[in-house]
Amino acid sequence: MKKIFLLLCIFLLSSTSYASKIGRITLEDMETKAEYIILGKVIDVERDLDRDKVTIEVRKLLKGNKLPNEIVSFWLTSRGGLKDFDPEVQVGNSIVAFLVGENGKFKKAYWGSIAIFTKPNYL
């Protein structure tokens, strides 16, 4: 019985050592990876099954060349049923987004590279 218990413990401990981890990224690294850093206000969130399309009105361009217009959209996509951002983005939130441009469209520079200010203190 002790051998079974010991084997079970070893199995459980070894399986947790292979769990995936989300690597931390510093603010400096996110700034380097981002082509654009935008301070804006969420004006629309379209829910589509396991992803959300977030549209923001640009209030301040902190990094990057001039944008073609003052409205930017990007996707928050699901991986295994988990959206890649939490808490939920809502219309009216102030947001900082670290983005890259690709063929006139935008995507996050890094997984989770947005921050929300739920109170409109900054815009």
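Buried, in these legends, means under 20% relative accessible area, while exposed means over 50%. With that in hand, here are some close-ups of a predicted model.

Figure 1. Start with the overall layout: the chain holds two helices and seven strands. Reading along the sequence gives the pattern α-α-β-β-β-β-β-β-β. Of the 123 residues in the chain, 28% are buried.

Figure 2. The average pLDDT of the chain is 77, and 70% of the residues score at least 70.

**Figure 3. An aromatic pair, Tyr36 and Phe106.** A search of the whole structure turns up one aromatic pair. Its partners are Tyr36 and Phe106, arranged edge-to-face, with 5.4 Å from centre to centre and 70° between the planes. The pair ties together distant parts of the chain: Tyr36 belongs to strand β1 (residues 36–48) and Phe106 to strand β6, 70 residues apart. Phe106 has a relative accessible area of 15%, so Phe106 counts as buried. Tyr36 is buried too, at 10%.

**Figure 4. The largest pocket and its lining.** Around the pocket you'll find Lys53, Ser73, Phe74, Trp75, Thr77, Glu102, Gly104, Lys105, Phe106 and Lys107. Two elements, β3 (71–79) and β6 (105–108), each give two or more residues to this lining. Strand β3 provides the largest share, with four residues. Sorted by class, the lining has three nonpolar, three polar and four charged residues. Phe106 from the aromatic pair turns up here as one of the lining residues.

**Figure 5. Lys108, a buried lysine in strand β6.** Here we zoom in on Lys108, which has its place in strand β6. With a relative accessible area of 15%, Lys108 is buried. What does the side chain of Lys108 reach at 3.4 Å? Look for the backbone oxygen of Trp75. Trp75 is also among the residues that line the largest pocket.

Figure 6. Asn103 lies in the loop between β5 (94–102) and β6. Is Asn103 buried or exposed? Its relative accessible area is 78%, so Asn103 counts as exposed. Most residues other than glycine have a negative phi. Asn103 isn't a glycine, yet has a positive phi of about 55°.

Figure 7. How many residues separate Val58 and Asn69 in sequence, and what is the C-alpha to C-alpha distance in space? They are 11 residues apart in sequence, with 8.6 Å between the two C-alpha atoms.

Key:
Residues are numbered from 1 along each chain as its sequence is written. This is a predicted model: local features need pLDDT of at least 70, side-chain atom pairs count only at pLDDT 80 or more; totals for chains, interfaces and linings use all residues. Side-chain values use heavy atoms; hydrogens and water are left out. On a 1 Å grid over the protein atoms alone, a cavity is a set of points where a 1.4 Å probe fits but cannot get out, and a pocket is an open set with protein on both sides within 12 Å along at least five of seven lines; lining residues have an atom within 4 Å of a point. Ala, Val, Leu, Ile, Met, Phe, Trp, Tyr, Cys and Pro count as nonpolar, Asp, Glu, Lys and Arg as charged, and the others, Gly among them, as polar. pLDDT is the predictor's confidence in each residue, from 0 to 100. Buried means under 20% relative accessible area, exposed over 50%, partly exposed in between (1.4 Å probe, protein chains only). A polar contact is a pair of N or O atoms within 3.5 Å; within protein, one must be able to donate a hydrogen and the other to accept it, and residues adjacent in sequence count only if both atoms are side-chain atoms. Rings of Phe, Tyr and Trp (its six-membered ring) pair if their centres lie within 6.5 Å; planes under 30 degrees apart count as stacked, over 60 as edge-to-face and the rest as tilted.
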